[in-house]
Amino acid sequence: MTSYSALGLLRGVFNDQSHWQPAWRDPEPQANYDVIIIGGGGHGLATAYYLASVHGIRNVAVLEKSWIGGGNTGRNTTLVRSNYRQKPLHDFFEFGLKMWEHLSDELNYNVMFSPRGALMLGHSDSDMTRLAERGDAMRVDSIDAELLSRDQVAKLEPQLDMSRDARFPIEGGLIQRRGGTARHDAVAWGYARGADRLGVDIIQKCEVTGFVRQGDAVVGVETTRGRIGAGRVAICVAGHSGHVAAMAGLKLPVESQTLQALVTEGVKPMINGVIMSQSLHCYISQSDKGGIVMGGDPDNWPSYAQRGQPMVTQGAIAQAIALVPALSRLRMLRTWGGVTDMSFDGSPIIGPTPVPGLFLNGGWCYGGFKATPASGWTYAHTLATGTPHKLNAPFDLGRFARGDTIDENGVGPLPNHR
Amino acid sequence: MLLITCPHCGPRAQTEFSYERTVDSVVQPGAAPAEAMARLFTRANPRGLDDEIWRHTFGCRAWLVLTRHRMTHAITAIRAAGPEALP
Amino acid sequence: MNGPRRGGAAGAIRFTFDGRALLARPGDTLAAALLANGIGLVARSFKYHRPRGIMAAGVEEPNALVTVGAGGREEPNTRATDLFVYDGMVARSQNRWPSLAFDAGSVLGLAAKALPAGFYYKTFFGSAKRWMFYEWFIRRAAGLGDAPTAADPDRFTQRAAFCDVLVVGAGPAGLSAALAAAEAGERVMLVEQDRILAPSLVRDPQDLDPAWAEATAARIGELGGRILLRTTAAGYWDDNLITVSQRLAEPGEPPAGGIAQRLWHVRAGRVILATGALERPLAFAHNDRPGVMLSQAVRTYVRRFGVVPGRRVVIAANNDDAYLTATALRDAGAEIVAVLDTRPVPAGATSGFPVHNDAMPLATKGARHHLREVSARVGGKVMHWRADLLAMSGGFTPVVHLHMQAGGAALEWDDASQSFLPGGARQNVVSVGSAASVAPVGPTPPPENPGKAFIDFQNDVSLGDVDLAWAEGYRSVEHLKRYTTLGMATDQGKTSNMAALGRLAEKQGVAIPEAGLTTFRPPYTPVTMGLLAGRTERDAGAHLRRLALFDVHQAKTPIWQPLGYWKRPRAYPQGGENLAEAALREARSVRTAVGMTDVSTLAKFEVSGPDAVQLLELVCATTVGKLAVGRGRYTFMLREDGLVFDDGTVWRLAENRYLLTSSTGGADRMAVHLSYVRQFLCPQLKVSVVNVQEHYAGIAVAGPTAKAVLAGLIGEEVPRHMSAVGASIAGSPVMVLAASYSGERAFEIYAEASLAEPVWNACEAAVTAQGGSLYGMEAMEFLRIEKGHLVVGGEVDGRLTPHDLALDKMLNKAGGYIGAAGLARPGLTAPGRKQLVGLEAIAGTIPEGAMLVTALGQPAGGHVTAAARRVLESGSIALGQLVDGFARHGEELVATSPTRSQSAAVRVVAPHFYDTAGERYRD
């Protein structure tokens, strides 16, 4: 396969770029695989890539009901960060953040990871104390975090409303400078190309309709393209985990909800990094194309529809304009929804299920994109060895019944209270 | 934005209501711990019809049980909460 | 182009474009006015900075984007075709430097062969920092208009509307449908994005007299229908809710009434979409040059605006629209040098134009950004014409966006018109007019140089890019779109998507409907963010609630502290005191004499009825049933998962009447919780729960002389600790609860909010007389930390059990409370849990929020939840959570805050620093 490089593009000047090969093949499903991954999103493709590249397991199929990267991988606001509060989340997401820093080279596919800084604003002394606590927790766990004064914040993002009489005046912020954004589609495509190169079959338009059982164990899947056998079957369909797990008779600690995002028309650079807030629920960044990309809270009721409700985005926009008044005359170009797995402690689930041969990766709530490399890495480890990696061990399915939930916001099991 | 027909108030905009939880999550007082935790921590979460508990927060404040489709949002039944409302 | 070509008087409206003073006529769009002034070069494209002019006459315009307005009204990326010129309008071109005619960015066009679709995925490798270096340049080259920098001076409003029928589009079909509905007695709302009714009748008066439109509208109005012009239905949501944007001023124009736009949320019984159709361009080399326009658009400029955009015109089409345009141009005095019809045989009345059948443009040539020459393949041979205008029509695409946004809707492929027509729908919606069917077309020959045949003009996506994406495996329509950015520009692919689909289907060897469709996402045309925010943007939609005693506090100029939607006095500084000084003085006053503070925001619920105890013993994890009348006690509440989520006090005011208090921050959550238990979980209980949070204002009086103060105020025996009495202060009935959060003997006095001010004043006079003072939340923090009282949101963070918080001895042994089952989970009693501890500084000041580490800097598994100084003595103390903390008293750790460069050596101790025996509560 042709390696990607500037030289290759220059070569294309003389041949109308006709030397490029398909980024991935379009194979027919085989009868059996060592591992079947259900779901061709970033996480599933990354899992396949690491199964092949790290564990040497190449007889792997990724089954995608539609087109790869078309679920939440292609619908998020592309934020990458590890600025959590709790240790298991620190360990997991920081491991992932380090992977992001080399991902383009690793995949020979520019995923445009841009560590432009993830800034969380504080609007009161108590916000600032909570930000300091978060930052201190990060620093103690060897993650970068820096508390910024009002002046430093104003300098970093000149478009913020720094007036004292604002409803949510800006008192300062906490920045993770290594956080930022990446190009979401490229992550799916880069992993797909990498996995395909190592022999993984990426099979699109192949929807799983049931599981093949032998006794208790899952030994394959029924699909719209026939029955396919497998040594291990890995669910990786966040948003639809409940639906797929139900085919194996499993009920999960997950409720599916719609999360919306939107983008404005493109303008020249006005937002430098990622802006979030301790008290408000909007997050704002600017894409390389110039559009302001933003989101807010989920719609807060169960839904499998990729369509949200207008008042939810209207509320997030009001908050964004309160922070950045110059957004007022920009125009919303597109709004869309994704279906998220809202887990019952706000943290993901990666590990075996009670059904032998069946594994689960889901429950990402509205924070799965940034986890793509670490999720793939740890899920591949779990699938290859049959036991969780130490990074995903705390995120097992049994933690809810045991009482070992990892509840970043401390709000308990009802996702709409999150 | 759905139009929800409150059994007390009639058709009202969804902004007046809040979703609270699913019927299958309800833990009755005195339920055995294992059953209580199964209800609290697992959901059918179907990609189809399910029974949900909503509240007419900015209206009559009554608790309601809706049967609603998770793909189309179509509400096929709505009733005031009470023992007889539970399926 | 060579100057204005319109007859009659010059325009009377003054405006500027790139600083040039120009005139427009009333009713002109900016595009019409620019064309009338002989300006053909209007913009630069997104990627290659190619010179672009005006292609369309409506909202589908991909090229002619300008920035209009000044200061906070500046609107980048405004379509010149959807902007009516007003006097004093300031417009400028964008995405160019130093000028529109000489744009340095156009060097990118020279490198275009090395910068195909998705080139950025294949290069710029190395570290993330290295990518950011390249990205810096890419970001500045990308974007379109400059970002505005000022706050918006205008307002936006929102309204709700209800109607039986919403008709979208006031063309002939929409007007007819609206009239029929109105005559049938239905409530009708008709919205039209243009400024005039039925603009298509002005363009093509041969169909129907434009006067018909006015007459029809008048009749609809008489029948009670509402017609809104300059109003766009942009989003179609569930249950026939349509979001509609109404312009009250043009982009950048100071609005007469201060309101720039209005957003309507329209709930319609049914919706009639008369949204018309959009003309498609043809794909051939350099089809993006200024002077290449859509055929219908040319006719619009000629007939509606009186502007003839060219003198020597070539018209190319695969349908009959060419002949309508040829006629209009000829009538206006232009010369038709060729009509290129892709269809092999002449179609009907061609009226003596120089028609060439089996003809398709090959390429255009230009000079100084103007069109000069058109070449075409006619049959087997190539022909050339000098021309300054090329009008093209590749057929029509019905505007099905809203139909598809409605959800659960289908499209049907129509082979004759090569277009998708609206099919069935889940919602009550129909399409009429050209939104439902369009004219048939002939063949559309593929271009011979696809690399220069643009389909997405704004994003510079050519058919060659589509081919490349296909070759590289991006074969689903969504991959194609995302890889090439096709259809993702501000026009949302209105003119490009069908061409791309056609190419994709050709590659796949399938019919177009099998090639797939991208999703039609709201909005139909971009919507101003300020409009969506409505009037709430200044307060971010979060209104403040006013304390009942707000004015009383404000008169004392306190330092206010935000707390949820409240602001509470944080301290009352005197004589230049800073916050810390004021808070310490206030706290000392409480410890040594008496202080008073406003506690009105606490959550309060009156629970009454014969089954009140049953309800309370469900909600509270402590016993309630044993409370004697007139007594109260501390309580806490568990979530169903067994973790503590709130705490407060419960008081038995009468046999079957209780008052339950809980935290300010959790007040709404607790109200819902109680409502759930009362209405849903236990509807059989004979009990009423009333939220009295804001019914009462609360005043706490605390300190060694509080009892004396209270005795003076109520003139009778004061209640002992954790007892309640009714009394009267300053003529207002009050409820006095003897409860303490500060560690001193204290009373909470509750009065009906409207009667609270005299009570406050009486209390203040009595407190002052005793040498006491007011205290705010900062002093309250000092006091409660020293005493070891918990705060919800601090120590009570939703992750700890009663045992972790040392509350387990108070649990109701009989069980039965909510959370008992959750609490039985093994992880909630396993070792390694965080537990409540006290911390005292060995040296230094403990930073609040700091992490606990060992002397060697290793994480010790804990953090500081709240820190303060001792009130009377010196020394820094804190509360915290620490893994297995109960067993670690005496351990020496460091409380470190790397983000603030602060740390303090601390000793783990019991979380009580003051009056551990509780002797100060006793009388």
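A residue counts as buried if 20 or more other C-beta atoms lie within 10 Å of its own, with C-beta atoms placed from the backbone. The exercises below apply this and related terms to a predicted model.

**Exercise 1.** Determine what share of the residues in chain C is buried, and decide whether chain C is compact or spread out.

*Solution.* Begin with the burial criterion given above: buried residues make up 58% of the 923 residues in chain C. Next, take the secondary structure, which comprises 22 helices and 48 strands in chain C. The radius of gyration of chain C is 38 Å, whereas the globule rule gives 29 Å for 923 residues, and because the value is well over that of the rule, chain C is more spread out than a compact globule. Along the principal axes, the C-alpha atoms of chain C fill a box of roughly 115 × 70 × 55 Å. Finally, among contacts in chain C with a separation of 6 or more, 65% are accounted for by residues 24 or more positions apart.

**Exercise 2.** Carry out the corresponding analysis for chain A.

*Solution.* Chain A contains ten helices and 18 strands. Its radius of gyration is 21 Å, close to the 22 Å that the globule rule gives for 418 residues, and therefore chain A is as compact as a globular protein of that length. The C-alpha trace of chain A spans about 65 × 65 × 40 Å along its principal axes, and buried residues make up 68% of the 418 residues.

**Exercise 3.** Describe the open sheet of six strands in chain C, and state which helices pack on or lie across its strands.

*Solution.* The strand order is β39-β40-β41-β38-β32-β42 in chain C, and the pairing is mixed. The edge strands, each of which pairs on one side only, are β39 (724-729) and β42 (773-774) of chain C. Within the sheet, β40 (residues 732-737) and β41 (residues 746-752) of chain C run antiparallel and are joined by four bridges, and C:Met735 stands opposite C:Tyr750 in β41(C). Helix α20 (residues 756-769) of chain C packs on the sheet, where it touches β32, β38, β39, β40 and β41, and its direction makes about 10 degrees with that of β38(C). Helix α19 (residues 706-714) of chain C lies across β38, β39, β40 and β41, running at about 135 degrees to β38(C).

**Exercise 4.** State how many residues chains A and B contribute to their contact, and characterise the side of chain A.

*Solution.* The contact takes 24 residues from chain A and 20 residues from chain B. Elements of chain A that each supply at least two residues of this side include α7 (241-247), β12 (254-266) and α8 (310-323). By residue class, the side of chain A that touches chain B divides into 15 nonpolar, seven polar and two charged residues.

Definitions and conventions: Residues numbered from 1 in each chain as written. Chains lettered and ligands numbered in written order. Predicted model: local features only at pLDDT ≥ 70, side-chain atom pairs only at ≥ 80, totals over all residues. Pairing = 2+ DSSP bridges. Contact = placed C-beta atoms within 7 Å. Axes fitted to C-alpha atoms, helices over the stretch in contact; angles between N-to-C directions. Rg over C-alpha atoms; globule rule 2.2 N^0.38 Å. Buried ≥ 20, exposed ≤ 12 C-beta atoms within 10 Å, placed from the backbone. Nonpolar A, V, L, I, M, F, W, Y, C, P; charged D, E, K, R; others polar.
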